[in-house]
Amino acid sequence: MQNEKEIVSNWFHLYSQDVFNFLVYYSGTRDVEDLVQEVFIKAAKGMSTYRNHATPKTWLFSIARNLAIDNARKNKTKISRMNVAFHEENLDQHIGFSPEQILIGQEEKRELYNRINQQKKKYRDVLILRGIQGLSVSETAQILGCKETAVRTNYHRAVKALQNEPNWRESHEG
């Protein structure tokens with residue numbers, strides 16, 4: 001049987017990129033490497049509290065979210081209104097697309113993430129976890145510490161709020 005250090009090491013290899021991506025979207029900065037390490041340090045220290053009620057990834061996202069909130073408080077920054085940083089696009093994903101198509105896709109993505117970042121915190125959280133990270137309603141509820149009905153309701157309202165923005169309608173109407 002694996003000891004706790006080996007388990008967390010395996011989790012790091014499996015989930016560190018997901019935790020990194022989550023923290024980039026959540027905090028609005030690409031400078032999250034220290035926070036990623038801190039997530040796994042906290043996980044290692046808190047292994048005795050992990051009860052398998054959630055998947056390891058869900059538990060790690062909960063830790064990451066709490067660290068990001070604490071970090072924002074400590075640095076007196078507002079997560080919800082920061083500009084979202086983007087990952088450099090992997091060129092392999094764009095084989096067969098013209099440079100213009102790639103640029104338009106990147107601009108649309110940047111616009112969407114900026115609008116997500118301008119939403120109410122509870123909407124932004126569910127949009128990032130459900131829409132971007134692809135987590136289930138159950139996993140999202142566990143991370144946010146709320147009921148699944150609240151996740152469904154907030155996600156529905158958040159998507160509707162994004163769709164009702166004038167710029168979104170104009171750019172997505174035929």
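**Getting to know the helices**

User: How many residues has α2, and how far does it reach from its first C-alpha to its last?

Analyst: α2 has 13 residues and reaches 19 Å from its first C-alpha to its last, close to the 18 Å expected at 1.5 Å a residue. The expected span is 1.5 Å times one less than the number of residues. Helices here are DSSP runs of H or I with at least four residues, strands are runs of E with at least two, and both are numbered from the N terminus.

User: Before we go on, what kind of model is this?

Analyst: This is a predicted model, in which local features need pLDDT of at least 70 and side-chain atom pairs count only at pLDDT 80 or more, while totals for chains, interfaces and linings use all residues. Residues are numbered from 1 along each chain as its sequence is written, and side-chain values use heavy atoms, leaving out hydrogens and water.

User: Thanks! How many helices and strands are in the chain?

Analyst: The chain has 8 helices and 0 strands. Read from the N terminus, its elements run α-α-α-α-α-α-α-α. The chain has 174 residues, and 40% of them count as buried. Buried means under 20% relative accessible area, exposed means over 50%, and partly exposed is in between, with a 1.4 Å probe and protein chains only.

User: Back to α2, then. Which residues are buried there?

Analyst: Leu 35, Val 36, Val 39, Phe 40 and Ala 43 are buried in α2. They cover an arc of only 140 degrees around the axis, so they lie on the same side of α2. That arc is taken over the directions from the helix axis to the C-beta atoms. On the other side of α2, Asp 34 and Lys 45 are exposed.

User: And what covers the buried residues of α2?

Analyst: The cover includes α1 and α3. Helix α1 (residues 4–27) packs with α2 at an angle of about 145 degrees, with their axes 9 Å apart. The axes are lines fitted to C-alpha atoms, for helices over the stretch in contact, and angles run from 0 to 180 degrees between N-to-C directions.

User: Can we zoom in on one residue? What is Val 39 in contact with, leaving aside its neighbours within four places in sequence?

Analyst: With those neighbours left aside, Val 39 is in contact with Val 19, Leu 23, Leu 60, Ile 63, Ala 64 and Leu 67. Contact means heavy atoms within 4.5 Å. Val 39 lies in helix α2 (residues 33–45) and is buried, with a relative accessible area of 0%. Val 39 and Ser 16 are 23 residues apart in sequence and 9.1 Å apart in space, C-alpha to C-alpha.

User: New topic: Asp 125. Is it buried or exposed?

Analyst: Asp 125 is buried, with a relative accessible area of 3%. It sits in helix α5 (residues 121–132). Beyond its neighbours within four places in sequence, Asp 125 is in contact with Tyr 26, Arg 65 and Leu 144.

User: What else is buried in α5?

Analyst: The buried residues of α5 also include Tyr 123, Arg 124 and Val 126. After α5 comes Gly 134, with a positive phi near 75 degrees.

User: Where do Arg 65 and Leu 144 meet anything else?

Analyst: Arg 65 belongs to α3 and Leu 144 to α6: Thr 58, Phe 61, Ser 62 and Arg 65 in α3 meet Glu 139, Gln 142, Ile 143 and Leu 144 in α6. These residues divide into 3 nonpolar, 3 polar and 2 charged. The two helices, α3 (residues 56–75) and α6 (residues 137–144), pack at an angle of about 35 degrees, with axes 8 Å apart.

User: Last one: how about Asp 18, what is its relative accessible area?

Analyst: Asp 18 has a relative accessible area of 22% and is therefore partly exposed. It is in helix α1. Leaving aside neighbours within four places in sequence, Asp 18 is in contact with Lys 57, Phe 61 and Gln 133. Asp 18 and Lys 57 are 39 residues apart in sequence, yet 8.3 Å apart in space, C-alpha to C-alpha.

Note on methods:
Nonpolar A, V, L, I, M, F, W, Y, C, P; charged D, E, K, R; others polar.
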